[in-house]
Amino acid sequence: MIYHCMNDACRFWGEGETMPQACPRCGGPLACAQERELTGNDWSALGVFWVEQDGHERRALECFRRSAELGSGWGTCNLGLCMEQGIGIEADPRQAFWLYQQAVEMGSLSALCNLGVCYEDGIGVTASPKEAAECYRKAADYGSARAQRLLAHCYEQGLGVERDLEQGFRWLRMAALQGDAASQAILGKHYEFGIGTKRDPELAVAWYRKAVQGNDPEGKCCLGWLMEQGKWVDRDPEGAIELYRQAAGQGSSRGLLLLADCLFHGIGTEENPALAVRCYEKGAAGGDTDAMCCLGWCYESGAGVEQSWEQAAAWYRRSAEGGNGRAMGNLAWCFDNGKGVEQDEAEAARWYQKGAEAGDVRSMYCYAYCCEYGEGVDSDLEQAVLWYRRAAEEGETTAMLRLGGLYENGEGVERDLPEALRWYRRAADQGSGDAKLQAERLAEELNGETDGTPDPAH
Ligand SMILES: [Zn+2]
């Protein structure tokens, strides 16, 4: 039996053996309908009902097909989405692209956005950032909040348009003002970190709250983090973990990871490493490389699981192969020390290099060390200087000390004593006792020179 909500604003449609007492969406009264009375948009609404039920993908597809045949742009767009994602039928990206084009002709703004996504990601068509941005702009001009958010992203990444953070911010704000909860969360981040606009704690918190009211999982993570830290809001770990729990329940991998971290460290709840491990496992199963890396660390330290170097190295490897820089550094360390894998200097150096290139600071330092001493790679002092410098600029104290040494000895870089002294002092400022001694010694030598003591190097 097909039934629908009598409340025009709700537009709920459903189907089943019996009709429920009231509309499950708004609680309003329901009425039955015959298939032949359904318009194209009614069929699309019914298709949405079936997409949300598990295991009824074929019926959903059939509804969208009937909808498209009746000329509904909405249904045609949804039929395209089934083709794109393989819902009820084998995925057919070219067919999806064609359906989106048809739906755009029928006036569907969602289809115009989806067409843009096809151009951006090369789905059923050759990728073209320019065409993607064009689609988003057209839909954004017609007032689609999702298109405005996607166009903002193009401006921020320089995708198909010249990079322009202020333009990005303006489009994002427009989408947020229209009530798009995902845009409100992102706008909050712009105010938190000063992207395309001035930093503004009050506005950041206000937009995060709006996003949370709109049930946006990313907004919940952002507001929860401020509550956990007591940054700009009252510290409230219990409130934070509740928001993380909700976000995780909505399928947010960041929410799941934040929840796991709280369980692991006992923040806002009792410490429960075993439960944290289960969260990490769930995140890892969903392909989250951060969760995989954390799981590796649980096995390394034996927190919440029985300690196992083999398991630790295996999880680091999975995470590293997924592109996680921190996991690359950890896997390299396992190879370096023969923990859970056979000791292998060359493999260690190879993973340190990958980790360094992926931006992991400890890997930068370790790879520089490999290059300086020729461990696992041919000795290369210029590479050593390059990576010590990158690590030092990220604040790595030992890298500053070693960089100072290379400048002092003119190894891999032209000898430059004032520069050496500068790096020793920076490391000393961060509390390195060794660096303090080196800085004092070198400063004395340099003073000696200016006092007229002959420099033996000349
Ligand atoms: Zn209703």
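What percentage of the 458 residues of the protein count as buried? In this predicted model, the share is 47%. The protein contains 23 helices and 3 strands.

The overall dimensions come next. Along its principal axes, the C-alpha trace spans about 100 × 50 × 45 Å. The radius of gyration of the protein is 29 Å. A compact globule of 458 residues would have a value near 23 Å. Contacts were also examined by their separation along the chain. Among contacts with a separation of 6 or more, 44% join residues 24 or more positions apart.

One pair of helices was then described in detail. Two packed helices are described by the angle between their axes and the distance between those axes. Helix 17 covers residues 325–337, and helix 18 covers residues 345–357. Their axes come within 8 Å. The axes cross at roughly 165°. Angles over 145 degrees count as roughly antiparallel, and helix 17 and helix 18 are therefore roughly antiparallel to each other. The crossing of helix 17 past helix 18 is left-handed.

The residues that meet were also identified. Helix 17 contributes Gly325, Met328, Gly329, Leu331, Ala332, Phe335 and Asp336. On the side of helix 18, the partners are Glu347, Ala348, Trp351, Tyr352, Lys354 and Gly355. By class, this contact between helix 17 and helix 18 has 7 nonpolar, 3 polar and 3 charged residues.

Conventions:
Residues numbered from 1 in each chain as written. Predicted model: local features only at pLDDT ≥ 70, side-chain atom pairs only at ≥ 80, totals over all residues. Axes fitted to C-alpha atoms, helices over the stretch in contact; angles between N-to-C directions. Helix = DSSP H or I, 4+ residues; strand = E, 2+ residues; numbered from the N terminus. Parallel < 35°, antiparallel > 145°, perpendicular 65-115°, else oblique. Left-handed = near helix turned anticlockwise from the far one by under 90°. Contact = placed C-beta atoms within 7 Å. Nonpolar A, V, L, I, M, F, W, Y, C, P; charged D, E, K, R; others polar. Rg over C-alpha atoms; globule rule 2.2 N^0.38 Å. Buried ≥ 20, exposed ≤ 12 C-beta atoms within 10 Å, placed from the backbone.
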